[in-house]
Amino acid sequence: MRPIVRSSSSLSRIRWALRNQERHSSTFCSNSRKLLISANEKEALVNTNTYNSTLFSRLSFSRGLSAEAVEAADAVRLTVSSSSSDVNRTGPLVEYERRISDGDLMTGDVCQLGALKELQRLHDELVESVDTCRLDRYNTSDKSSRSRWFWSRLMPQSSVSPVKGLYLYGGVGTGKTMLMDLFFDQLPCTWKKQRIHFHDFMLTVHSRLQKHKGLSDPLEVVAQEIAHDAILLCLDEFMVTDVADALILNRLFGHLFSNGIILVATSNRNPDKLYEGGLQRDLFLPFIASLKERNVVHEIGSSVDYRKLTSAEQGFYFIGKDLSTLLKQKFQELIGGNVVARPQEVEVVMGRKLQVPLGANGCAYFPFEELCDRPLGAADYFGLFKKFHTLALEGVPVFGLHNRTAAYRFVTLVDVMYENRARLLCTAEATPQELLEKIVTISDAKAMSPRTSSRSRKNDVSELCVDNELGFAKDRTISRLTEMNSKEYLEQHAITHNL
């Protein structure tokens with residue numbers, strides 16, 4: 001074999017290139033690790049090579065590196081990620097960066113980026129474990145699914161997912177729902193996945209329990225049905241206020257996790273604060289432990305409420321008393337000048353029906369008392385907005401100790417409307433902030449005055465309603481009422497309902 005002869009100048013250039021490449025390789029890896037450690041601490045290190053290739057090229061190369069340094073770093077990137085192509089990389093973080101570059105989203109929030117990296121981590125793990133987790137609904141035949149179900153009835157066995165889920169919590173308007181939807185939409189449509197509001201999810205659970213009443217363990221059957229439809233379960237606005245929900249959640253999710261369910265949830269509450277102060281909370285505590293064991297818990301610490309950054313829109317929220325005539329006039333304009341609104345009936349769960357005082361062309365009219373001072377709940381509101389896209393609500397009062405139950409229903413009503421992108425036309429005694437000003441948490445009450453921290457003070461002249469759940473929920477309600485009156489929300493409402 002003929003020896004390869006190189007000139008001394010060629011050898012010098014090669015040595016220089018290798019040294020330069022080695023130096024920039026070291027800098028690149030160091031910067032990559034620092035980025036990930038600050039955002040994700042320990043667990044995110046597994047994604048150092050694959051994730052930071054795009055991020056590093058976007059951030060570092062634009063800061064004036066020499067052409068030689070760029071070439072060296074590119075060589076390192078190609079070497080490190082030779083097994084995977086960044087061009088084909090998908091996931092919520094990639095889509096988030098694309099939307100920012102297209103101007104669809106505001107410049108990246110550091111707190112949102114931390115949550116996105118967790119979502120990207122989960123996305124990548126799911127893609128790698130799609131077969132193990134039985135995510136692809138077309139990958140397994142119906143026959144084998146039925147066989148697995150049959151044998152599980154004879155010999156119960158656990159098939160807990162090897163992939164941990166994610167529990168995102170933080171203040172109102174920080175983008176939790178947007179980030180979860182971003183994650184959900186980037187997953188293949190052939191996967192067994194479901195995105196649903198927590199209220200709606202629990203209504204479905206109770207409805208199925210009713211159907212299987214009489215079985216030895218109906219919760220186990222319900223969990224198997226849910227797992228058959230969706231292995232990845234995305235629950236928005238995880239909030240436990242109902243004792244009936246609290247008492248079944250531990251057993252329900254015990255069965256769900258045993259059936260391989262992977263949970264992604266958003267909430268305003270830290271898991272340790274869920275159902276705080278609720279009846280028989282000691283029976284609920286094992287669920288919190290299970291939730292933390294099966295999910296990575298991540299806080300979005302942003303102090304920005306993006307809902308309040310929307311453009312104001314006048315004409316849908318009227319403040320004052322005795323505005324019934326004005327509201328009916330606006331309602332008539334929405335349904336059409338020549339259209340006559342008539343009483344209607346809406347079917348809700350389990351055969352119950354909700355009477356609508358006036359309705360026409362997708363718009364419903366209710367006095368506040370008819371919708372929030374009666375024993376109605378989320379099931380009734382979901383049923384209402386399956387038929388109507390707009391609600392005219394007359395006479396929303398200021399909330400306090402005397403109408404605490406109505407405040408709970410109003411909060412639920414706003415949640416359901418927001419979930420369904422429904423439009424609100426209303427008259428109220430005060431601004432959204434002032435409506436709920438007298439609703440406070442126990443800690444807020446103690447900070448204001450030690451004597452107001454007791455719920456049983458009937459002679460409290462301030463009329464404060466001290467309630468932890470309502471106190472936490474009020475910020476979300478104020479935020480949503482503000483956004484629902486914005487130009488952006490109303491445009492989205494029109495698109496959603498083809499108006």
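I checked handedness to begin with: α10 passes α11 in a left-handed crossing. This is a predicted model, so I'm noting that before going on.

Helix α10 and helix α11, the latter covering residues 285-294, pack at an angle of about 30 degrees, and their axes are 8 Å apart. Angles under 35 degrees count as roughly parallel, so α10 and α11 are roughly parallel to each other.

Then I looked up who touches whom. On the α10 side I find L249, N250, F253 and F257, and they meet P286, F287, S290 and R294 of α11. Sorted by class, this contact of α10 with α11 has five nonpolar, two polar and one charged residues.

I moved on to the other pair, α9 with α10. Helix α9 spans residues 218-229 and helix α10 spans residues 243-258; I get a packing angle of about 50 degrees, with the axes 8 Å apart. That angle makes α9 oblique to α10.

Which way does α9 pass α10, left-handed or right-handed? I read a right-handed crossing for α9 over α10.

Contacts for this pair: L219, E220, A223 and I226 in α9 meet I248, R251, L252, H255 and L256 in α10. By class, I have six nonpolar, one polar and two charged residues in the contact of α9 with α10.

To wrap up the page: α10 is roughly parallel to α11, while α9 sits oblique to α10.

Conventions. Residues numbered from 1 in each chain as written. Predicted model: local features only at pLDDT ≥ 70, side-chain atom pairs only at ≥ 80, totals over all residues. Heavy atoms only, no water. Axes fitted to C-alpha atoms, helices over the stretch in contact; angles between N-to-C directions. Helix = DSSP H or I, 4+ residues; strand = E, 2+ residues; numbered from the N terminus. Parallel < 35°, antiparallel > 145°, perpendicular 65-115°, else oblique. Left-handed = near helix turned anticlockwise from the far one by under 90°. Contact = heavy atoms within 4.5 Å. Nonpolar A, V, L, I, M, F, W, Y, C, P; charged D, E, K, R; others polar.
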